[in-house]
Amino acid sequence: MSNKIAVVTGASSGIGAATARRLAAEGYDVIAAARRADRLQQLADETGARPVVLDVTDDASVRALAESIETCHVLVNNAGGAFGVQSVETADEDDWQRMWDVNVLGMMRVTRALLPKLEASG
């Protein structure tokens with residue numbers, strides 16, 4: 001399956017890192033994207049993935065990711081987080097805004113940026 005490109009966001013830990021490992025084991029060329037460069041480099045050393053520092057809340061960062069790859073066969077939009085653990089009545093609105101920006105708008109940004117490459121890959 002050489003030359004099949006898989007992009008995994010949120011790849012620096014947890015489900016994203018596990019997914020990147022599995023896809024690499026399955027023969028994909030993995031682009032591991034996340035905010036934490038040190039963890040991405042560890043994953044890259046282990047799997048051969050290409051590390052890309054990415055902030056899904058930043059349009060320029062997402063655009064740079066999209067421009068850095070020629071094609072994309074698989075996109076695993078895993079970047080996300082839970083911020084704040086308070087109940088609704090005491091919740092910090094900034095935490096909720098950050099969750100929305102990362103979990104919803106971040107997924108939309110990355111999908112929109114890579115969709116033409118996904119569609120072109122068949």
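## Packing of α1 and α2

Helix α1 (residues 14-25) and helix α2 (residues 37-47) have axes that come within 10 Å and cross at roughly 20°. Here axes are lines fitted to C-alpha atoms, for helices over the stretch in contact, and angles run from 0 to 180 degrees between N-to-C directions. The angle makes α1 roughly parallel to α2; angles under 35 degrees count as roughly parallel, over 145 as roughly antiparallel, 65 to 115 as roughly perpendicular and the rest as oblique. The crossing of α1 and α2 is right-handed, a term used if the near helix is turned clockwise from the far one by less than a right angle, the left-handed case being anticlockwise.

On the α1 side, the contact is formed by A17, A20, R21 and A24, and on the α2 side by L43, E46 and T47. Contact means heavy atoms within 4.5 Å. By class, the contact of α1 with α2 comprises four nonpolar, one polar and two charged residues. Ala, Val, Leu, Ile, Met, Phe, Trp, Tyr, Cys and Pro count as nonpolar, Asp, Glu, Lys and Arg as charged, and the others, Gly among them, as polar.

## Basis of the model

The structure is a predicted model, in which local features need pLDDT of at least 70 and side-chain atom pairs count only at pLDDT 80 or more, while totals for chains, interfaces and linings use all residues. Residues are numbered from 1 along each chain as its sequence is written, and side-chain values use heavy atoms, with hydrogens and water left out.

## The chain as a whole

The chain has four helices and four strands, and along the sequence these follow the pattern β-α-β-α-β-α-β-α. Helices (H or I, at least four residues) and strands (E, at least two) are DSSP runs, numbered from the N terminus. The radius of gyration of the chain is 15 Å, close to the 14 Å that the globule rule gives for 122 residues, so the chain is as compact as a globular protein of that length. This radius is taken over C-alpha atoms, and the globule rule is 2.2 Å times the number of residues to the power 0.38.

The C-alpha trace spans about 50 × 30 × 20 Å along its principal axes. Of the 122 residues, 32% are buried, where buried means under 20% relative accessible area, exposed over 50% and partly exposed in between (1.4 Å probe, protein chains only). Among contacts with a separation of 6 or more, 54% join residues 24 or more positions apart.

## Packing of α3 and α4

The axes of α3 and helix α4 (residues 93-121) come within 9 Å and cross at roughly 20°. The two helices are therefore roughly parallel to each other, and their crossing is right-handed. The contact involves D59, V62, L65 and A66 of α3, together with R109, V110, R112, A113, L114 and K117 of α4. These residues divide into six nonpolar, no polar and four charged.

## Selected residues

A17 lies in helix α1 and, at 4% relative accessibility, counts as buried. Not counting residues up to four places away in sequence, A17 touches G10, A11, S12 and L43. The C-alpha atoms of A17 and M99, 82 residues apart along the chain, are separated by 20 Å.

S61 belongs to helix α3 (residues 59-67) and counts as buried at 15% relative accessibility. Leaving aside neighbours within four places in sequence, S61 is in contact with V53, L54 and D55. T57 is located in the loop between β3 (50-53) and α3 and counts as partly exposed at 33% relative accessibility. With neighbours within four places in sequence left aside, T57 contacts D101, V102 and R109. T57 and N103 are 46 residues apart in sequence and 9.2 Å apart in space, C-alpha to C-alpha.
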